[in-house]
Amino acid sequence: MKTRRNLIKNAKLRHSKFSNVIDYYYVKTISYGLYTDIKDYSKVRVRYKNNRRTYTTKETNSKSSFSLQRARQKVFQLAEANRHAHRTRKSKPVFFTLTTRDQIKDYKISNKKIKGFIRRLNKYCGYPIKYLIVPELHGSGAIHYHGIFFNLPFIPVVEFKERIWTHGYVDLQMPKNIRSISAYIAKYITKDFHENTPINTKLYFCSRGLISPTVK
């Protein structure tokens with residue numbers, strides 16, 4: 001402990017000229033649902049107000065894979081943190097897959113259909129549905145969607161397909177093991193999708209009101 005205290009002391013001296021430093025740490029805990037990840041760093045880490053990093057040339061070249069890894073981790077953690085938080089006697093977590101009969105390949109067009117779909121779903125159910133969605137680039141180039149509805153009431157698949165989704169194929173499943181589904185959804189965040197879509201395309205999106213992992 002004495003050594004680490006000295007390391008923090010030295011780090012404070014090195015960063016004394018920076019006014020945007022919030023904290024110094026060497027252990028980070030991330031709690032989500034029933035799980036807690038503990039990261040014990042060998043060097044003192046510095047947290048800044050703007051929370052932005054300046055990447056070196058080497059890091060910039062590998063930033064794509066770094067972003068993918070972080071996105072997969074965040075999707076898994078969000079799924080775990082919310083898997084039982086929104087269910088009621090009449091609504092439960094449901095795993096889903098959505099595809100378009102037109103095999104849409106333009107992300108902007110596909111995303112508009114998803115937004116309209118969510119509006120229709122909320123109106124049909126009478127309350128905001130909590131969801132986590134990951135787009136997938138199929139081998140044909142068409143965009144599919146996978147994810148979890150955390151508080152979906154029972155809706156017949158045919159009615160869901162014809163009145164709510166309206167754009168093509170629908171698959172709804174009651175997951176027996178949410179943790180397996182969490183990992184299953186996270187794996188759909190792929191390098192192929194990241195590299196073949198416009199810059200700043202979201203690798204996943206979720207509803208408001210989801211419980212975020214707690215970081216200390």
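Modeller: The lining of the second largest pocket divides into eight nonpolar residues, three polar and four charged. Here Ala, Val, Leu, Ile, Met, Phe, Trp, Tyr, Cys and Pro are nonpolar, Asp, Glu, Lys and Arg charged, and the others, Gly among them, polar. A pocket is an open set of points on a 1 Å grid over the protein atoms alone where a 1.4 Å probe fits, with protein on both sides within 12 Å along at least five of seven lines; lining residues have an atom within 4 Å of a point. This is a predicted model, where local features need pLDDT of at least 70 and side-chain atom pairs 80 or more, while totals for chains, interfaces and linings use all residues. Residues are numbered from 1 along each chain as its sequence is written, and side-chain values use heavy atoms, without hydrogens or water.

Now the pocket itself: its volume is about 310 Å³, taken as the space filled by probe spheres set on the points, which are joined across faces, edges and corners. Of its 15 lining residues, K115, I118, Y131, F205 and C206 are the closest to the centre. Helix 4 (107–125) and strand 7 are the elements that give two or more residues to the lining. Helix 4 gives the most, with six residues. (Helices, H or I and at least four residues, and strands, E and at least two, are DSSP runs numbered from the N terminus.)

Strand 4 covers residues 131–137, and seven of its seven residues are buried, which stands for under 20% relative accessible area, with exposed over 50% and partly exposed in between (1.4 Å probe, protein chains only). Which residues of strand 4 point one way, and which the other? Y131, I133, P135 and L137 point one way, while L132, V134 and E136 point the other way, and all are buried. In a regular strand, side chains alternate between the two faces of the sheet.

Strand 4 has two partners to look at, and strands count as paired if DSSP finds at least two bridges between them. With strand 5 (residues 143–153) strand 4 runs antiparallel, joined by seven bridges, and P135 stands opposite Y145. Five residues lie between the strands of this hairpin, where G141 takes a positive phi near 100 degrees. With strand 7 (residues 205–206) strand 4 pairs in the antiparallel sense over two bridges, and here I133 stands opposite F205.

So which residues bring strands 5 and 7 into contact by their rings? There are 10 aromatic pairs by the rule used: rings of Phe, Tyr and Trp (its six-membered ring) pair if their centres lie within 6.5 Å, with planes under 30 degrees apart stacked, over 60 edge-to-face and the rest tilted. Y145 and F205 make one that is edge-to-face, at 6.2 Å centre to centre with 70 degrees between the planes. Y145 is in strand 5 and F205 in strand 7, so this pair ties together parts that are 60 residues apart in sequence. Y145 and F205 are both buried.
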